[in-house]
Amino acid sequence: MIYKGVEFSVTAVAPGIWKWQFRIGDRVIAGKTEAKLNLLAIRRVQLRIDRELKKAERE
């Protein structure tokens with residue numbers, strides 16, 4: 001999926017556990033989140049992308 005020009009992936013690991021990953025420049029950021037719905041997990045990743053883009057802007 002693509003959000004604000006950043007390609008990211010969200011994959012179900014177990015019921016209610018989602019693994020996500022995205023790349024901004026050379027940095028690869030990955031993690032896990034807990035959510036019952038995949039749309040909620042996707043939204044959380046989008047918020048994380050927003051934070052990382054803002055941080056990259058400041059640097």
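Author: The model is predicted, so local features need pLDDT of at least 70 and side-chain atom pairs count only at pLDDT 80 or more, while totals for chains, interfaces and linings use all residues. Residues are numbered from 1 along each chain as its sequence is written, and side-chain values use heavy atoms, with hydrogens and water left out. The protein chain averages a pLDDT (the predictor's confidence in each residue, from 0 to 100) of 95, and 100% of the residues score at least 70.

Strands are DSSP runs of E with at least two residues, and helices are runs of H or I with at least four, both numbered from the N terminus; two strands pair if DSSP finds at least two bridges between them. Strand S1 (residues 2-3) runs antiparallel to strand S2 (residues 6-14), joined to S2 by two bridges, and Tyr3 stands opposite Val6 in S2. Two residues lie between these strands in their hairpin, where Lys4 takes a positive phi near 55 degrees.

S2 in turn is joined to S3 by six bridges, again in an antiparallel arrangement, with Phe22 in S3 as the bridge partner of Phe8. This hairpin also has two residues between its strands, and Gly16 in the turn has a positive phi of about 85 degrees.

Strand S3 (residues 17-24) then runs antiparallel to strand S4 (residues 27-34), with eight bridges joining them, and Gln21 stands opposite Ala30 in S4. The hairpin of S3 and S4 has two residues between the strands, with Gly25 in the turn at a positive phi of about 65 degrees.
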